[in-house]
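User: Could you walk me through reading side-chain contacts? I'd like the general idea, then the case at hand.

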Amino acid sequence: YIDIQFNNILNIAGIDVFIFLLFMSTKYMNQYLYNKNDKREKMIRRTVLTVAIVIYMAFSIIWTLNVECIVEGDQIPVLETATALYHDNVEEVLQHDTYAGVSIGRYLETNQQQIPLACMYSVFLKIMHTDQAEMLRIINIISNVLIVLALYKITTQLAKDYPVNKAFMFTLILTFVSIPMLSTFIYGDIPSLALCLWAVYLIMKYRENRKIRYIISAAILNMIACMMRMNSLIFVIATVMYLLFTLLEKNNLWKEKVLSIMMIIVYLVICLVPSSLVKSHFLEKYHLDKDKAFSSSNYLLMAMVGSRRSNGWYNESIGEYTLKNPEAANEEHKAQLKERINYFLQHPGQAIGFYVVKLASTWTENTYSAVRNNMKEYEDPLQKIADPVSFYQKALLIVMCLCSLVVLIQNRKNLSLEVLFLVTIFIGGFAFHILWETKSRYIIPYIVVLMPVASIAIQKSTRKQIN
């Protein structure tokens, strides 16, 4: 169960001191690296950045090779299906049992969002010419580096409107160790985040020069991201809002606005249709019942009841019952959801208390499941690193949110669309996991997307005058 009590004064004081040191050290580091722009300074910057990324990648590789992470839960049916697609023996594998005592076929009928992920992983296995699902961790390691580079490119875009502290941004992401620690976790989280961040950068480039190749490339990346992780739809929705706001710019001619609307439609079609086609084709080919899919009411109910971890977290009892009895569960959970909503409406004080604990437990578990997902058992030696990782990343989250708040307040009358784009993604993810079932791992994308915004607040956040 998540403990959210802040009763250690020394711990709080230590975090405050650490935040100050982190803020000031990156400020002076940025002044040293970006004070001049001659060839020597550029060479120093490139060398420092290259060494930092190499160390970051080395840590990801060493961690992945030396930590024996158990493949469990949703990973099992997804990876078995991906391997079956590689060997073309899917019908046989669909009969295998997975957790909760149900077959993989039944699991995929109820969790249809996992079908595109399994198909994507099968493509990666074919590219690597291997049936060893553990090799998919290579995709995670590569994605870690792509995340760093995407954030750098996004920050560079913001630098066209604001002075930025790139050293601070690099410090935030390169020391956010939960991401490389989760390289062992073979799921769609890390690759989809990398794809979404690069799509964000490409959409910003599209607004800058209106070249269609950028929005098409972004759509393809978001398409793959949505196939690997349905929560990537939050990035897609924020992107559409960003593109719609660009239509309001005064320098747009009506022909450009019509073209922009057409490109938004094309973008949505590319993002959303392939995933639906893959699911439909798979269900039809292997004679699976599409009507047994989890109802949204199951996840909404999880979001409104307690679990063994905390309020609103994924509830195993609801999930396993739905796996075994999908038709009955969908109807029963709809009725239970209505009862829960009525109860909260009649007891607003308890509802507020419930969601306060839910939010606090989600945002104060600052290892973001990176330790737990790598542990074999509760007494695993890895448990010893949970406290220092949580301490540092708690400080990182606080300073990042404070800096982001400062930049929004100081520039509230003159915020660029790019900053609003990133903040919209954060707000969308924050709001979504209030309404939906949650885990601390789920909020990683929305923490990462604030890093470029936080880098603006280090210097005086007065927007540059653009000619």
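User: How many disulfides does a search of the whole structure find?

Analyst: A disulfide is a pair of cysteine sulfur atoms within 2.5 Å. Here the search finds zero. Cys-196, for instance, has its nearest cysteine sulfur, that of Cys-226, 6.5 Å away. For Cys-401, the nearest one belongs to Cys-403, at 9.5 Å. Do keep in mind that this is a predicted model, where local features need pLDDT of at least 70, side-chain atom pairs count only at pLDDT 80 or more, and totals for chains, interfaces and linings use all residues. Residues are numbered from 1 along each chain as its sequence is written, and side-chain values use heavy atoms, leaving out hydrogens and water.

User: Is Cys-196 buried or exposed?

Analyst: Buried means under 20% relative accessible area, exposed over 50%, and partly exposed in between (1.4 Å probe, protein chains only). Cys-196 has 1%, so Cys-196 is buried. Cys-401, at 30%, is partly exposed.

User: How is a pair of aromatic rings described?

Analyst: By the distance of the centres and the angle of the planes. Rings of Phe, Tyr and Trp (its six-membered ring) pair if their centres lie within 6.5 Å; planes under 30 degrees apart are stacked, over 60 edge-to-face, and the rest tilted. The count here is 18 aromatic pairs. Tyr-152 and Phe-170 are stacked because their planes meet at 25°, with centres 5.5 Å apart.

User: And which kind of pair do Trp-363 and Phe-430 form?

Analyst: A tilted one, with 40° between the planes and 5.6 Å centre to centre. Trp-363 is buried at 13% relative accessibility, while Phe-430 is partly exposed at 31%.
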